[in-house]
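The sequence and the structure come first, and the text follows.

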Amino acid sequence: MSEKEVRLQVRNISKTFGITKALKDVSFDLYKGEIHALIGENGSGKSTLTNMLTGIYSMETGKFILDGEEVHPKDQVDANDHGISIIVQEQGTLDGLTVAENIFLGHEQRFIKGIIRNTGAMNKAANDLLKKYGFERIKANRMVDDYNFEDRKLVEIVKATYFEPKVVVVDETTTALSQEGREELYKHMRRIRDYGGTVIFISHDLDEVLNMSDTITILRDGDYIDTVDAKDVTSDDLKRLMVGREVTGNYYRSDYGEKVSDEVVLSAKNVSVPGLIDDINLDLHKGEILGIGGLSESGMHEVGKALFGASYDRTGEVVLGDGTHINDIPTAIRHSIAYTSKDRDNESVVMNQSIGDNITLPSLGKLTAFGPFISDRKKNAFANKYAKEISVKMVNINQFVSKLSGGNKQKVVLARWIGADSDILILDSPTRGIDIKVKQDIYQLMDSMRKQGKSVLMISEELMELIGMCDNILIMKDGKINGEVKRDPSVTENDLIAKMV
Ligand code: ADP
Ligand code: MG
């Protein structure tokens, strides 16, 4: 194998935003002719690093050394002049300019003689490029506004790569693209590698990262963690490096294409709550995990309350499979419906009671000994059984819930409803503020409940868990259901965001 030649040396780069240390003394090397992935959880500093390299953010401390010379791009055009370009996740072309003007933005001097801009020559050059890239359907003289997001990304690919740059950054661009658009981008990433260029590839899709890249650098919380050869690692290795802990087994559900039962266990018909939700209709099926996503204020949290009989001025109907109408909480609990609130501390757990009391709360009717008297022995045994079943970390069941961590409080809430043998679980933000290990436990619990034929309605602001766990996702906007996304491995966060805003 031929010796790799260094292209870019990242040296001691740090960057602070207010009190946030976005990057802490990051150093690593990138080589010529490689696709070098940069991965890390949200907020780990990937974009900050590449934005500094491409002149979008100013430098603070540290150096970028390109082909042996220190570079300090002061803006994107200056970066281009050094042979560095970027394709961003969001819209990277400018409205009000033609396709050609976007491609040559900042580099128009090529087409200017004296004071005259030769628009014809610029359009011709742009059309030639578009043709070379196979994007003939995009016309150089048309306004870029005339094209959709996907086509505008193709224009950006041309803009960022036509001059055979030394380093091209692709920052989470694929998330927003269809499979077809991704393939186009992949093709050009490989082309750049083939002429000896370096691609810095940022993506959340670890399979894509492993397929496309030669080398992978991991950032965590602004720290440089490691640089590895893609052929030496698995996606589990990468996850472990990203989160800094062992994450074994599946995180989310891994099945696709399973058919959901036709049996409806709960339906909402024209459910409204003045000022909060408007005419909600939905069916929850047996064995289904149905998701509700949206912005926090979209009304989605109220839907959970309304289905549990906990909304005061609700109109419309909430009906179970057997025809029972749910209009109040006691009826909901009697009919095997569980509910966990987003506001866990105020609405789900009773803080100043023991773990045991919290777990047995809805099941006391089953724990009587003589007449109406509760058997302490039965109660303790019951609480112990379910606390252990989902491994609540505790001294014993007499410990007050107020002393537990958020994740363990949530486990107590879930143990309560598992103990009550609920058939329908309405879980609002079940993993909010919970660490990754307990999250995984909760996901596995949801998956096993589904397999037992129980039905889960998960309301969540975390798009990835909706995508990872649900058979079907309803997206809410302004109090209404604004769209529906079916379970599929190709669903991205942007598919949901598009319906949320
Ligand atoms: P990544 O791209 O890995 O998701 P970023 O580089 O965007 O992460 O962010 C790293 C950290 O820096 C985050 O805590 C983020 O909130 C912060 N950050 C990034 N850009 C800015 C900015 N322009 N102003 C303030 N904070 C920022
Ligand atoms: Mg980013």
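A polar contact is a pair of N or O atoms within 3.5 Å. With that cut-off, a backbone N or O atom of glycine 45 makes such a contact, lying 3.0 Å from an oxygen atom of ligand 1. The model is a predicted one.

## The ligand site

For serine 44 the atom is a backbone N or O atom, at 3.2 Å. For serine 47 it is a polar side-chain atom, at 2.9 Å. Taken alone, ligand 1 exposes 550 Å², and the protein buries 63% of that area. Strand E2 (20–31) and helix H1 (46–53) are the elements that give two or more residues to the shell around the ligand. H1 gives the most, with 3 residues.

The residues around ligand 1 include the run Glu41, Asn42, Gly43, Ser44, Gly45, Lys46, Ser47 and Thr48. Phe17, Thr20, Ala22 and Tyr57 are also in the shell. Sorted by class, the shell holds 3 nonpolar, 7 polar and 2 charged residues.

## The sheet of four strands

Strands E2, E1, E4 and E5 form an open sheet in the order E2-E1-E4-E5, with antiparallel pairing. E2 and strand E5 (69–71) stand at the edges with a single partner strand each, so one side of each has no neighbour in the sheet. On average, neighbouring strands of this sheet are turned by 25° against each other, direction ignored.

E1 and E2 are joined in the antiparallel sense by 8 bridges. Across this pair, lysine 15 stands opposite leucine 23 in E2. The hairpin of E1 and E2 has 2 residues between the strands, and glycine 18 takes a positive phi near 55° there.

Strand E1 (residues 6–17) also pairs with strand E4 (residues 61–66), antiparallel, through 5 bridges. Serine 14 has threonine 61 in E4 as its bridge partner, and glutamine 9 has isoleucine 65 in E4.

Helix H1, which contributes to the ligand shell, lies across E1, E2 and E4 and runs at about 115° to E1. E2 likewise takes part in both the shell and the sheet.

## The sheet of three strands

Which strands make up the other sheet, and in what order? This open sheet of 3 strands has the order E14-E13-E16, with antiparallel pairing. Its edge strands are E14 and strand E16 (315–320), each of which pairs on one side only. Neighbouring strands here are turned by 5° against each other on average, direction ignored.

Strand E13 (residues 264–273) and strand E14 (residues 277–285) run antiparallel and are joined by 6 bridges. Alanine 268 has leucine 282 in E14 as its bridge partner. The hairpin of E13 and E14 has 3 residues between the strands, and in it glycine 275 takes a positive phi near 80°. Helix H9 (residues 300–307) lies across E13, E14 and E16, running at about 65° to E14.

| Strand pair | Sense | Bridges |
|---|---|---|
| E1 and E2 | antiparallel | 8 bridges |
| E1 and E4 | antiparallel | 5 bridges |
| E13 and E14 | antiparallel | 6 bridges |

Notes: Residues are numbered from 1 along each chain as its sequence is written. Chains are lettered from A and ligands numbered from 1 in the order in which they are written. This is a predicted model: local features need pLDDT of at least 70, side-chain atom pairs count only at pLDDT 80 or more; totals for chains, interfaces and linings use all residues. Side-chain values use heavy atoms; hydrogens and water are left out. A residue is near a molecule or strand if one of its heavy atoms lies within 4 Å of it. A polar contact is a pair of N or O atoms within 3.5 Å; within protein, one must be able to donate a hydrogen and the other to accept it, and residues adjacent in sequence count only if both atoms are side-chain atoms. Accessible areas come from the Shrake-Rupley method with a 1.4 Å probe; for residues, only the protein chains shown count as cover. Ala, Val, Leu, Ile, Met, Phe, Trp, Tyr, Cys and Pro count as nonpolar, Asp, Glu, Lys and Arg as charged, and the others, Gly among them, as polar. Two strands pair if DSSP finds at least two bridges between them. Axes are lines fitted to C-alpha atoms, for helices over the stretch in contact, and angles run from 0 to 180 degrees between N-to-C directions. Contact means heavy atoms within 4.5 Å.
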